[in-house]
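Here's a quick briefing to read alongside the coordinates. It goes through a couple of helix pairs and then a couple of loop residues.

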Amino acid sequence: MTQIVDWRPEPGEVTEFELTTDRAPEPHDVPASHFQRAHLQLAAAHRIAGRQQSPWVAMTFDLPGRADLDALTEAWQGLVRRHEAFHTWYAPDGDTFTGFRIPPDSLTVHPARVGDFPDTADLRARLHRRIDEKTSVNGLGLLAGVIRRATTSTVYFAIDHAYTDGHSLTLLFHELRIRYRAARSATPVDLPPAPGYLDLNRREHQRSASLTKGAPELAAWSEFLAVKDGGFPAFPVDLGNDAGELLPATRLEYPVFTGEEARAFRATCARHGGGLAAGFFAALALAQEEFTGNDTYRVLTAVSTRAYPRLLRVHGWLVNLAPLLFRLPASPDLAGAIAAAQQGFQRAREGYDVPLHRALDLLVEDGETPAIPPMASYVDGRSAPGARDYLDADATVLTGPDNASGVSLWLNWFPDRADLVVSMPDTPQAAAGVPKYLDRVREIMLSAATGSHGAR
C-alpha cells in the first residue's frame, strides 16, 4: 500500500485503454450500499468545497518484456464485460444516488498511445492527474493503462473506491494475467460466471430496513457504545486533533515479521487459543494499557461481507466495520490477552452483515459517524489468487494523498512478510506519539515470535 506521491515508476511509453459504448446508460433501482453512500457523499462534499480529494484506489504490477497491446486490450475488454463493478455506477441526485448500468456486451476497449515519458516525476504526475480526472466523473470512473519498456512493462488500473476493495484488486491481478496469457497464445479463457455486487446491495438494503434498535444483531454494537467514554474510542496517544476534524494525513509503513517470524507468532497465538489477528489485537491492547492504564480495548475492525465461496469472485467494496471489544485479564499478559482478543474478534465477525452506518443511526442519538472512521484491519493475503507472484510482479496498491481524523491500521500478511501500514493526521503530536506506541506493539509481537524478552 503506497501513496502515489511515493511511487517511483520507471520511465517508458504510456498507452491507455479507452472504454467506449454505443449504448446510453440505463437507470437501475438498486440502492447504493451504506458505505458507498457515505463515500460518495464525502467525495461530492470535497469537490463542492474545492478540497483535494482522492476517493480512488489503484493497482500496478509488472509483465515481462514489452507488453503485447492487442493481448492486453482483449484482456481488459473481457474483464470489464464480466464484472458488474466495471459497467455500473451511482450518480448524485440531490441527497440520493441514482444507479446506472451499461449493457456489458456493448463495451469495447481501444488502446490509445499517450507518449514517451523519460522522467519518473513527470510520469507519476501525469498518471496521478489522469487518475484524479477519470475516477471523479459521474459515469464509468476508471482508468487502465500500461507503461511499456523493452524488458518489463507496468500495468496500472484505478477506480473509485466505491466499487472495489483490496480483495477485488487481487482478483483483477489474477484474472488480467490469465486473460493476457490466453490472448497471447490464442487459447480460450475458462472462467466461471462472476456474481455482481448489486444483488448484495439489494440484500443489504432489505436487511438494514428490518433492523430495529432492540434487534439482537445490535447487541455487540450496544455494548461497544456503552463503554464509559462512549462513542468511538480515542487513540492511546495524543493526535493533536481534539475536535476530530478531517485533516491531511500521512502514511507510515512498518515491517513487522519475516514470513518465518509470522508463522512462529501464529503458532504462539494458537497455543493460547487464538489466531494471528487475535495476537495483533492483544498487542494493541497491552500497549494501550501501558500507555494509558485503560484495560478495555475497543476498535472498529474491517470484516469481509463475502460470506459464501461464490462471493469470492465478486468485484466490489464488500467490507464492513464491526465493533471489537474485549477486556484484559486482571494481571495482563500476552497469553491472557490473546484468549480475550480471540473471543472479542469472533463476536465482532458474527456481526459482519450489520452495516456500520445503520447501527449508528439506530443507536446513537444526534451522533455523527466520522467521515473516515478509524479502524484496525488484519488480512491474511497468502491464499489470495496469485499471491505468490506479488513480489516478482512488484504488485502495488496505490492510494492518493490521505485525509484522516484518527488512526487507521492495516496488518497485511503476505507469503514472505507481514507489514503494518498506518494512516494518521499529519500533526506534530501524532508524528511524535503514534510511532512510539506502534513500536511497542511491534516489540510485543516480535518478542513473542522470537522467544526474546519484551512480551508480557
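At what angle do helix α7 and helix α12 pack? The answer is about 85 degrees, with the two axes 8 Å apart. Since angles from 65 to 115 degrees count as roughly perpendicular, that makes α7 roughly perpendicular to α12. Keep in mind that this is a predicted model.

**Helices α7 and α12**
- Helix α7 covers residues 259-271, and its partner α12 covers residues 428-450.
- On the α7 side, the contact is made by Glu261, Ala264, Phe265 and Thr268.
- On the α12 side, the residues making the contact are Met445, Leu446, Ala448, Ala449 and Thr450.
- Sorted by class, the contact of α7 with α12 has six nonpolar residues, two polar ones and one charged one.

**Helices α8 and α9**
- The next pair is α8 (residues 276-292) and α9 (residues 334-350), which pack at about 115 degrees with their axes 8 Å apart.
- If you're checking handedness, the crossing of α8 and α9 is right-handed.
- From α8, the contact draws on Ala277, Ala278, Gly279, Phe281, Ala282 and Leu286.
- From α9, the contact draws on Leu334, Ala337, Ile338, Ala341, Gln342 and Phe345.
- By class, the contact of α8 with α9 has 10 nonpolar and two polar residues, and no charged residues.

**Ser106, in the loop between β6 and β7**
- Ser106 sits in the loop between β6 (96-101) and β7 (108-117).
- Is Ser106 buried or exposed? Its relative accessible area is 11%, and the cut-off for buried is under 20%, so Ser106 is buried.
- The side chains of Ser106 and Thr21 are joined by a polar contact of 2.7 Å.
- Setting aside neighbours within four places in sequence, Ser106 is in contact with Thr20, Thr21, Asp22 and Arg23.

**Asp119, in the loop between β7 and α3**
- Asp119 belongs to the loop between β7 and α3 (120-135).
- With 35% relative accessibility, Asp119 counts as partly exposed, because that class runs between the 20% and 50% cut-offs.
- The side chain of Asp119 reaches the backbone nitrogen of Ala121 at 3.1 Å.
- Asp119 and Gly12 are 107 residues apart along the chain, and their C-alpha atoms are separated by 8.5 Å.

Definitions and conventions. Residues numbered from 1 in each chain as written. Predicted model: local features only at pLDDT ≥ 70, side-chain atom pairs only at ≥ 80, totals over all residues. Heavy atoms only, no water. Axes fitted to C-alpha atoms, helices over the stretch in contact; angles between N-to-C directions. Helix = DSSP H or I, 4+ residues; strand = E, 2+ residues; numbered from the N terminus. Parallel < 35°, antiparallel > 145°, perpendicular 65-115°, else oblique. Contact = heavy atoms within 4.5 Å. Nonpolar A, V, L, I, M, F, W, Y, C, P; charged D, E, K, R; others polar. Left-handed = near helix turned anticlockwise from the far one by under 90°. Buried < 20%, exposed > 50% of the residue type's maximum accessible area, 1.4 Å probe, protein only. Polar contact = N/O pair within 3.5 Å; in protein donor to acceptor, adjacent residues only side chain to side chain.
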